[in-house]
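Student: I am new to this structure. Can we walk through it together?
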Amino acid sequence: MNKFGFTISQGRQIDYESNSRRIADYIYDNEPSFRLCIECGACSATCTAGNFTSFSLRELNILIKRGENDQVYQSLKKCMLCGKCSLVCPRGVNTRNIIILAKKAFQLSDEYTV
Amino acid sequence: MGKLYDLLLEDIRFEEGLNACMNCGVCTAICPAAEFYIYDPRKIVDTVQTKDDDSILELLKSETIWYCGECMSCKTRCPRGNAPGLIIMALRGLSQELGYFVESEKGRQQLAIKRTVGDWILSTGYCVYLDGITIAMHPEQGPVWEWVQDNKAALLERLGGNYKGDGPGILRKIPEETLDELKKIFEVTGGLDRYEKIESFSKSKAKEMNLELTDGIESEYFKHIYKTNNGTHTR
Amino acid sequence: MNIQFDPFVIPFNIGLYFILLYVVTRSIIWFRDLSRPDKLRLQRGFFGTAFAMSLKEIFMESLIHRKILKTNLRLGYMHMSLAFGWFLLIFFGTVEADIFGTKHLNAPYKAIFFRFFNPDHGRTGFEAVYGFLMDLILAFILSGLLLAIIKRFYSKIVGMKKTTRLKLTDRIALTSLWLIFPSRLLAESFTSGAYSTGSFLTGSLGSWLATFLPAQQMAYPFWWLYSISLGTFFILLPISRYMHIPTELFLIFMRNSGIRTGDKAGTFTEVQAYSCSSCGICIDTCQMNYSAGITNIQSAYLMKAIRNNDDVSAIADNCLMCGRCDVKCPVGIELSPFRMIQRRAGEAENDIRNIYKGYFRSRQIIIPEKPVLSSNYNYLHENEPAKADVLFFAGCMTHLTPSIKNSMIKILDASDVKYKFIDEQGGVCCGRPLMLAGQDKEARELINYNSRMIWKSGAHTLVTSCPICYKVFRESYYLDVEVLHHTQFIKMLIDNGSVKLNFSRKKVVYHSPCELGRGTGVYDEPKEILRHVSKLETTKFEDSNSLCCGGSLANLKISSYDRRKIATNTACELTKENPDILATACPLCKKTISSVTQTRVADISEIVAEALNINLAKRNIISQVSSIKELVKI
Amino acid sequence: MKKHVVVIGGGVAGLEVAGQLSRVGIDVSLIEKESATGGNINNWFRLFPDRRRSSEVKEYLDGMNMNHDIRLHTNTTIEKFFRNRNNFSITTNAGKEMTADAVIIATGFDLFKSARKEEYGYGIYDNVITSADLEKMFTEGKIALTDGTAPDTIGIIHCVGSRDEKVGNFYCSKLCCVTAVKQAIEIREFLPDSKVFCFYMDMRMGGALYEELYREAQEKWGVNFIRGKVSEASETIENGLLIKVEDTLAGRPLKMKLDLLVLMAGMEMSEGGKKIARLGGLNTGENKFFVATDSHYGSNRSNIEGVFYAGTCTAPMNITETISHARSAVVEVVDYLKIAKS
Amino acid sequence: MNPEGKKAIWSEYQKEIADDKFFYVRSCIRQNFFPGSEVAFLRIMRDVLKKDVFEHPCHTTCSGIGYHGDVVPVETAMTVVARQFALMTEAGYSNYVPSCITSFGLYTEILDTWHHFPQVEEKVRKQLRKATGREFEKPKNLAHASDVIYKFRKEIAAKAKYKLVNKETGEPLKVVDHIGCHYAKMFPSKGVGGAEYPYVLTGMVEEWGGQIIDYPERRHCCGFGFRQYLVQANRGFSIACSKEKFESMEPYKPDMIITNCPGCPMFLDRWQYVINEMEGKKYGQNGEGIPVFTYEEVAGLVLGFDPWDLGLQMHQIDCEPVLNKIGIEYSKEDKYNLKVIPSYSRSRNLVNV
């Protein structure tokens with residue numbers, strides 16, 4: 001701690017310009033139904049993983065689209081891929097493939113390795 | 001409708017501040033606090049309008065109600081005429097009345113404010129008072145302030161102040177009878193009551209955290225609440 | 001006159017010796033790459049019954065093509081005439097050369113080009129008869145060849161809906177193959193024409209040609225052509241789909257020696273990939289093909305892509321894993337496990353194909369999963385489950401179809417089983433969906449979590465309503481409990497009288513779920529239950545031939561629109577006889593099909609729950625529990 | 001003798017009413033404050049949801065009036081308007097007096113004055129425009145910033161002047177959502193490389209084929225939808241716009257630079273309508289639109305016998321609804337005149 | 001940017017401001033940090049404009065900081081404010097002029113509440129009576145000190161010795177205005193120019209020759225946030241807000257910042273110093289920092305007051321660059337010399353005339 005006894009806070013706004021939409025674009029290209037989400041939350045409501053922890057596919061979809069990749073990267077790991085979401089989705093979004101593609105996109109990108 | 005909600009309704013600011021919220025997020029969008037703290041005034045309003053006591057209780061004990069800076073930018077914009085800022089002030093009030101404020105790191109800081117601003121009001125008649133704004137408490141005031149502090153009297157004299165003098169003028173001495181009036185007002189309107197609550201709840205909390213707490217601003221607990229930031233409030 | 005050699009045999013010889021050499025080296029490599037236990041299996045097999053069995057199978061399948069004959073007569077005949085016919089031709093040809101040749105044990109070409117070297121052979125008596133036989137075989141092959149040519153251009157004739165697409169080397173190989181027998185026919189005919197020998201086919205054709213053509217001169221070029229086409233065919237064999245001809249022999253032998261696909265790529269998968277004759281039966285039986293018009297992902301194409309070192313991930317993921325092609329494959333390739341391996345592999349490195357790679361393809365290089373991306377389920381906290389004899393695990397999908405869940409509870413309550421509904425408050429996924437996505441490591445985490453729960457409960461029986469869970473519990477969990485699908489469990493309850501059911505006159509057809517039927521071989525219990533409570537009628541799609549509902553979690557790519565098409569088709573097929581109830585035993589099937597049909601779709605548990613007769617049910621707890629105890633011993 | 005009906009307002013509703021009335025042999029005077037009829041439809045290029053040219057609808061309306069003799073008074077406003085025992089006296093700005101057996105009010109709506117949402121800087125920041133301005137660009141066939149270049153990122157703000165007590169409008173204008181979607185698609189058609197973001201509070205896709213259009217916008221045109229009311233826009237040094245909004249579904253504030261900002265201005269009771277209401281003592285509601293005697297079966301009847309409403313002077317309506325509302329007004333008038341006769 | 005649009009809005013927000021007989025109420029913060037500014041205000045009002053400004057020796061804090069620090073309950077704050085009103089009533093004044101924005105905000109808020117809930121006003125009257133025996137009238141006119149200066153900006157311009165222009169180039173100085181949040185954000189109609197495009201400081205600057213620059217974070221709070229600054233643990237937020245503003249205004253190369261809020265000028269001044277200490281980041285042309293002034297300081301400067309009488313030596317960021325730009329004469333050595341006798345009669349601001 002410096003002589004002032006505090007440090008300058010970092011902003012938590014989604015800064016659309018500085019974010020990278022690489023992950024989102026990869027999914028758009030390989031799973032067009034990704035565009036169809038209307039954020040109704042049906043997926044999150046039925047989610048098996050969401051029953052145990054704070055995991056929301058609806059939110060994940062949005063964060064991917066905004067390019068909040070760090071956060072996406074963390075919550076991506078929680079999905080069990082059980083597929084309930086795809087059965088309740090009113091827009092017929094291929095939800096499981098979105099998760100799989102997102103994982104793949106991270107693997108293809110270099111900046112996400114330990 | 002729960003008991004806590006009723007208590008909130010007693011606060012005029014709550015009645016002013018809350019109409020139906022439609023979660024448009026205009027308040028959070030403009031809120032300086034939401035920009036840096038992990039904080040969302042919209043959610044707070046949405047929570048209180050559920051009138052659910054459990055979630056309100058959660059709020060009263062939470063960190064989140066203490067992030068607001070009360071700039072009232074939210075009031076300017078809300079399309080439903082809500083004022084999240086006022087709602088939060090009401091929540092803070094209640095949290096202190098019921099002693100839940102000591103359950104959160106940010107809430108506990110109320111004692112620090114009470115023992116500085118709060119006590120200055122009654123002892124000097126000013127909210128902030130030169131003698132109290134020490135470099136120790138305010139290192140960010142910088143070298144110029146050291147100079148000011150070292151030459152208070154002379155400087156105010158130079159600039160045409162009336163430091164500790166009688167009659168009108170800058171930083172004049174506020175007459176005793178005036179201070180008595182203030183005290184009386186605080187007594188009549190529950191101001192002192194609020195002060196005492198803050199003190200007593202903080203004392204028991206200090207015991208619980210076993211940090212010693214004496215009067216003034218030197219004791220362990222005071223230093224703790226004045227300085228500690230566990231870093232979970234921001235990103 | 002009697003010549004011993006002529007230059008035109010050179011191409012043939014080169015080809016022949018090349019292919020022999022190649023096959024030997026290739027088999028050495030394959031053997032080397034086998035895992036140790038598999039090596040042992042193979043050795044044991046060689047000196048065991050496996051060898052005999054293999055010979056039989058090779059004869060039945062590789063030559064006669066029994067399986068294909070069964071599924072599609074004309075297609076079968078085509079394959080048989082070519083394979084078996086050619087075999088006979090070579091066999092009797094060699095014998096002929098041996099008996100009638102100038103000396104015994106001739107070089108192969110002597111047999112193949114016998115007529116050239118012995119032009120005036122076969123005029124009379126036994127020779128003539130033998131000549132007749134040879135002509136007959138040739139005719140037999142040519143008939144098959146004719147079919148093949150027709151199939152290429154109008155596949156309908158042989159009853160094929162779709163025929164496999166070809167790459168260049170395949171085309172050349174194919175033409176050379178097609179040229180072999182016509183050129184032999186003409187070569188022999190001209191020779192016969194010149195020497196007025198030959199039997200009903202070559203003889204007559206020859207003499208007729210000789211009437212207006214200089215047979216003597218014409219014969220020679222055709223002998224060349226014959227030799228060249230044989231040569232080219234042999235040379236191209238390894239890089240064409242006809243590699244399946246030699247490879248299949250290995251496959252059969254390896255299989256009979258007890259080698260299975262397992263879950264890793266290796267010799268066996270490669271042998272399988274090469275054994276595929278692209279007969280196209282898998283394409284015909286694939287619902288994604290004939291219901292949704294998706295025609296580029298079927299197993300035949302998967303095999304081809306692998307042989308070509310193409311990136312197969314897109315193909316591998318785009319499959320319902322219903323297993324229909326698996327049971328139908330005439331070569332008996334284990335298509336489902338095979339595809340699973342490709343899924344685990346993820347994106348294979350796509351290396352440039354060169355001739356060398358074509359003949360000895362390098363192993364697929366698999367990008368290792370980056371550890372960082374493996375899922376993280378440490379948010380699952382373990383809780384102490386209550387003790388019980390029987391555990392009921394509804395499964396995710398069942399939670400989406402509450403009627404099934406409730407019916408099971410009703411049934412379990414009606415029978416006095418001491419049970420515990422472990423995922424009542426919503427459980428952890430069984431892990432199969434992750435496996436189907438090729439993410440076994442993640443799946444293992446969930447499997448361990450669930451296993452611990454089950455162990456702690458001290459139960460001896462685990463009942464699940466979801467075939468997907470059932471399959472994975474059976475195959476990938478290490479449990480000391482009897483795992484039952486609820487149909488099996490209900491059957492048991494009926495048999496030992498713990499539940500009494502009323503019979504209803506409702507007309508019912510049964511849709512056997514992929515994971516339960518083909519997946520784990522549970523065909524009978526469901527139908528027996530249905531017979532017990534209703535009028536069960538049969539459809540065109542029973543047991544291993546049953547359809548997929550299209551909802552399968554196994555397909556990661558297919559659009560909801562195409563799923564719907566498949567579901568609709570399936571529903572139509574099954575409700576042709578308009579039954580009262582379309583029964584199934586899988587929540588996913590129920591959900592998928594019920595959304596596209598007017599007919600009531602019900603899980604067997606629902607039907608049973610409705611048929612329950614509480615008054616009749618004389619409960620005998622002791623017999624009850626003991627009966628289950630026995631079951632555990634099994 | 002022929003009955004005489006005065007129709008106030010020559011927009012979609014007014015034209016439809018006039019046409020239908022004269023068709024049944026009633027003598028009609030149509031009063032329009034502008035120099036030409038058509039009203040708001042003249043400012044629109046294409047119509048949702050089928051995106052046909054608005055001119056086609058205009059042609060239909062004109063055509064209908066062409067065939068019948070309607071006394072059209074353009075550049076005309078009403079200065080006096082009161083009821084006699086069984087007819088109405090009307091005086092126009094031109095000082096012309098007329099008597100009518102019945103009056104139909106079709107004064108329609110005005111587009112919300114977007115400058116009143118100060119925080120969006122309409123009329124101050126260069127590249128903030130309204131839905132109407134955008135339609136003008138469509139008509140001219142060119143979407144351009146003030147510096148003449150084409151925008152890359154375009155933001156569309158829903159509910160400007162609707163559902164907002166800060167401007168005194170509590171109601172939903174009902175058509176802005178679908179207009180936004182329509183215009184988003186059109187922008188993408190004009191500028192295939194552009195990115196379009198819609199900032200909405202709720203997507204109110206109530207009408208026939210609206211939801212389908214919304215889906216198309218997502219699926220085919222890749223329009224982005226962000227749930228949150230934009231709090232403020234400010235101009236950046238390079239003449240772009242910096243907007244602040246909460247991505248409410250992500251629960252995070254979001255800031256974004258845009259080249260062009262389009263405000264979906266809501267619908268308000270027209271100034272003309274307000275004036276008539278004052279002159280004739282007609283009831284208006286909290287939302288300032290005319291209040292009909294019964295919201296279910298009397299939506300054309302005013303509190304004054306013989307005065308009827310047609311179209312958006314009573315509430316926001318799309319063209320389909322406006323025309324049917326106008327026709328029902330005709331039925332009401334015809335009935336009324338019959339009774340009046342006997 | 002189209003200035004006409006702003007003018008249209010400004011014309012809609014013209015509040016009524018009294019033109020004489022002011023009851024002046026001091027600001028706690030400013031008395032500590034900007035004594036010179038309050039002195040300057042009185043000098044301008046009394047000496048330059050010859051107005052009657054009365055300061056009651058017995059007036060106190062409005063308790064606003066305590067109120068927004070949430071240690072003072074709303075009713076207490078209301079009663080303290082009521083007492084101030086009582087003093088005004090007793091002194092026979094009705095035009096109330098607070099020097100502090102927090103106070104101004106509190107007064108407007110309280111008056112609004114009383115307007116909507118008369119019963120609350122009654123209660124407060126009772127409590128005041130009970131506590132002090134005083135009675136009060138609500139002010140006829142409530143205007144912030146900056147409103148008053150705004151009202152007389154033209155008169156000041158007429159008497160001005162300097163203009164806010166670069167004496168070398170003749171170019172107007174680029175000025176950033178920062179309005180205290182509680183000036184108009186709560187009640188836009190109570191501020192000159194409204195909440196979105198406040199005109200109160202813009203009007204002064206433009207009148208005195210400067211040019212106001214509009215930048216994206218113009219409306220952003222300085223970050224005081226009461227408890228957010230008062231407690232050390234929270235100051236990271238406070239400084240972050242100001243930093244956001246600096247980053248946003250930097251590209252426009254402003255010459256100075258002008259404010260009408262007690263806290264803001266101090267924070268905008270000190271945080272530049274801290275950011276430099278923490279991150280080595282310097283703002284303003286050639287890293288001299290962006291000088292921050294109160295509107296009285298600026299008014300005083302254009303009227304030719306001595307910078308050191310105005311208390312500019314109490315700024316952490318040196319004001320000299322701007323003074324030089326404008327061409328204001330001042331003596332370098334007197335800056336920290338406390339022996340100097342002010343150039344005006346000091347007693348004037350201590351007596352009520």
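Predicted model: local features only at pLDDT ≥ 70, side-chain atom pairs only at ≥ 80, totals over all residues.

Student: What area do chain E and chain A bury between them?
Tutor: The contact involves 15 residues of chain E and 9 residues of chain A. Of the area that chain E buries here, E:Q232, E:G236 and E:M278 supply 43%, more than any other three residues. Carbon and sulfur atoms account for 69% of the area buried between the two chains, and the total is about 940 Å².

Student: Which chains have the most contacts among the 7 pairs that touch?
Tutor: Chains B and C do not touch, with their nearest C-alpha atoms 20 Å apart. Chains C and E do not touch either, and their nearest C-alpha atoms are 32 Å apart. Among the 7 pairs that touch, the most contacts are between chains B and E.

Student: How many salt bridges are there between chain E and chain B?
Tutor: This contact takes 94 residues from chain E and 88 from chain B. It buries about 7,500 Å², with 61% from carbon and sulfur atoms. In one of the salt bridges, E:R83 pairs with B:E181, their closest N and O atoms being 2.5 Å apart. The count of salt bridges between chains E and B is 8.

Student: What pattern does chain A follow along the sequence?
Tutor: Chain A has 6 helices and 1 strand. Its C-alpha trace spans about 55 × 30 × 25 Å along the principal axes. Of its 114 residues, 65% count as buried. Read along the sequence, the pattern is β-α-α-α-α-α-α.

Student: Is E:R43 buried or exposed?
Tutor: E:R43 sits in helix α3 (residues 35-48) of chain E. Leaving out residues up to four places away in sequence, E:R43 touches E:V48, E:F305, E:D309 and E:Y344. Buried means under 20% relative accessible area. E:R43 has 10% relative accessibility, so E:R43 counts as buried.

Student: How many residues apart in sequence are the parts that D:E189 and D:R51 tie together?
Tutor: These two residues form a salt bridge, with the closest N and O atoms 2.4 Å apart. D:E189 lies in helix α4 (residues 176-190) of chain D, whereas D:R51 lies in the loop between β3 (46-47) and β4 (52-53), so the parts tied together are apart by 138 residues.

Student: What is the relative accessible area of D:D164?
Tutor: The side chain of D:D164 meets that of D:K117 in a salt bridge, 2.5 Å from N to O. D:D164 lies in the loop between β12 (153-160) and α4 of chain D, and D:K117 in the loop between β10 (109-111) and β11 (128-130). D:K117 is buried, at 1%. D:D164 is buried too, and its relative accessible area is 0%.

Student: Which residues form a nonpolar patch on the surface of chain C?
Tutor: One of them lies in helix α3 (residues 49-63) of chain C, and that is C:F51. At 34% relative accessibility, C:F51 counts as partly exposed. A patch residue needs over 30%, so C:F51 passes that cut-off. Together the patch has about 460 Å² of accessible area, and its members are C:F46, C:F47, C:F51 and C:L55.

Conventions: Residues numbered from 1 in each chain as written. Chains lettered and ligands numbered in written order. Heavy atoms only, no water. Patch = residues over 30% accessible without salt bridge, like charges linked within 9 Å, V, L, I, M, F, W, Y side chains within 5 Å. Areas by Shrake-Rupley, 256 points an atom, 1.4 Å probe, with all protein chains shown as cover. Salt bridge = Lys/Arg side-chain N within 4 Å of Asp/Glu carboxyl O. Helix = DSSP H or I, 4+ residues; strand = E, 2+ residues; numbered from the N terminus. Buried < 20%, exposed > 50% of the residue type's maximum accessible area, 1.4 Å probe, protein only. Contact = heavy atoms within 4.5 Å. Buried area = accessible area lost by both parts, 1.4 Å probe.
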